[in-house]
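Thanks for making the time; I would like to walk through one model this morning, going from its sheets to its ligand. Please have the structure open while I talk.

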Amino acid sequence: MIDYAATTVSPEQEREFQKLALPDGHPQVKSGKVGVLLVNLGTPDGTSFWPMRRYLREFLSDKRVIEWSRLFWYPILYGIVLNTRPKKSGKAYEEIWNKELNESPLRTITRSQSDKLAERMGNGGGRLQIDWAMRYGNPSIRSRLEALKNDGCDRILVFPLYPQYSAATTATVNDEICRAMLEMRWQPAIRTVPPYHDDLVYVTALAKSVERHLAALDFEPELVLASYHGIPQSYFKKGDPYHCHCMKTTRLMRDVLGWSKEKLRVTFQSRFGPEEWLQPYTDKTVEQLAKDGVKRIAVMNPGFVADCLETLEEIAGEAGEIFEENGGEHFTHIPCLNDSDLGMDVIEHVVRRELGGWI
Ligand SMILES: C=CC1=C(C)c2cc3[nH]c(cc4nc(cc5[nH]c(cc1n2)c(C)c5CCC(=O)O)C(CCC(=O)O)=C4C)c(C)c3C=C
Ligand SMILES: [Fe+2]
Ligand SMILES: [Fe+2]
């Protein structure tokens with residue numbers, strides 16, 4: 001019996017009332033479910049010219065990614081970049097493409113993270129649904145948000161899978177959610193996951209992944225680089241907290257590992273265009289270390305939750321070659337957390353925390 005006159009609500013009363021408040025099955029009113037949408041950056045549908053061009057066009061037209069005035073940028077984008085870059089990037093993607101599933105590793109891993117999270121969380125008695133999307137390319141945020149809503153999710157937790165906040169990544173996911181919501185008559189309630197660059201579970205998972213990888217190879221590097229995707233210096237100067245978040249993640253990792261600043265160093269990779277980006281640059285650092293006589297290094301990518309073009313081709317491939325061409329002897333890339341148990345522990349931990357009160 002529910003005591004409606006009671007001045008405080010006990011958990012038992014709350015549970016009893018929830019039974020009464022179950023969705024009533026009216027065909028127009030599907031509701032009562034909670035959705036979780038994992039979102040990563042994006043991916044082309046194929047490595048040939050047109051899929052690459054479509055992907056790069058969507059990505060590089062985003063004002064959060066390229067902040068130059070459209071009047072200045074569009075002639076360069078349409079006149080030069082979209083004519084040359086699709087071929088160059090397509091070749092790079094070909095080297096890492098998942099041929100079996102005909103998709104990029106980022107898509108394979110993000111889907112697997114979503115599947116494994118669903119397994120770990122269960123379906124909450126039919127009340128919880130886990131899904132995934134890409135900010136650029138497919139499956140789009142818009143399509144998956146709509147699908148969750150149509151399946152009866154009236155509360156949706158959107159998880160931009162970036163540990164460190166940047167306007168070029170986290171904010172652009174949130175922008176896209178807002179744009180999709182603008183077109184909805186009946187909007188679900190939305191929560192977005194904040195950056196988790198200083199989360200204990202995340203930082204210790206990274207540290208353990210380093211220790212396990214090195215132990216498995218029986219390899220002791222002279223130093224390890226924590227290589228983060230860069231952003232233009234100008235974004236940092238305008239107040240983007242990304243650089244500070246990267247520094248904090250690394251400082252905390254050093255603490256967990258008991259390593260010095262010299263043993264775990266920060267670098268920034270993947271610059272694009274003529275501007276100055278955050279420094280020190282990963283490729284230049286790797287080259288200089290080899291020239292200075294360092295023989296053994298490892299590189300990790302703490303800012304990427306899934307291995308992708310930027311980690312597999314640019315670091316495991318290119319950076320390794322640069323190191324060895326300049327006199328280095330042993331180079332190893334430490335894989336991202338991906339869908340490993342450690343990686344899933346982080347995703348599950350953050351999702352459970354942010355769902356607080358919803359399930
Ligand atoms: C000015 C351009 C770019 C900014 C700013 C930028 C920031 C940024 N990107 C990531 C994560 C990823 N980027 C990836 C690929 C990629 N990034 C850019 C440009 C900028 N990124 C380009 C042009 C590309 C495409 C590839 C290429 O043509 O070289 C990826 C990999 C996607 C994949 O499918 O593998 C990720 C992930 C972060 C975290 C970030 C800022 C913090
Ligand atoms: Fe990028
Ligand atoms: Fe790159």
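Let me begin with a definition: two strands are taken to pair if DSSP finds at least two bridges between them, where helices (H or I, at least four residues) and strands (E, at least two) are DSSP runs numbered from the N terminus. What we are looking at is a predicted model, in which local features need pLDDT of at least 70 and side-chain atom pairs count only at pLDDT 80 or more, while totals for chains, interfaces and linings use all residues. Residues are numbered from 1 along each chain as its sequence is written, and chains are lettered from A and ligands numbered from 1 in the order in which they are written.

With that in place, one open sheet has 4 strands in the order S6-S5-S7-S8, paired in parallel. Its edges are strand S6 (264–269) and strand S8 (330–334), each of which has a single partner strand, so one side of each is left without a neighbour in the sheet. From one strand to the next the twist averages 25 degrees, with axes being lines fitted to C-alpha atoms, for helices over the stretch in contact, and angles running from 0 to 180 degrees between N-to-C directions. Between strand S5 (residues 223–229) and S6 there are 6 bridges in the parallel sense, and Val 224 stands opposite Leu 264 in S6. Helix H10 (residues 282–291) packs on this sheet, touching S5, S6 and strand S7 (296–300), where contact requires C-beta atoms, placed from the backbone, within 7 Å. H11 lies across S5, S6, S7 and S8, and runs at about 170 degrees to S8.

Turning to the other open sheet, its 4 strands follow the order S2-S1-S3-S4, again with parallel pairing. Here strand S2 (128–137) and S4 stand at the edges with a single partner strand each, so one side of each lacks a neighbour in the sheet. S1 and S3 run parallel and are joined by 7 bridges. H6 lies across S1, S2, S3 and S4, at about 160 degrees to S3.

How many residues surround ligand 1? There are 22, the closest being Ser 89, Ser 166, His 229, Cys 308 and Leu 309, if we count a residue as near when its C-beta atom, placed from the backbone, lies within 6 Å. Two or more residues of this shell come from each of strand S1 (33–43), helix H3 (70–96), helix H6 (167–182) and helix H11 (309–325).

Terms used
Contact = placed C-beta atoms within 7 Å.
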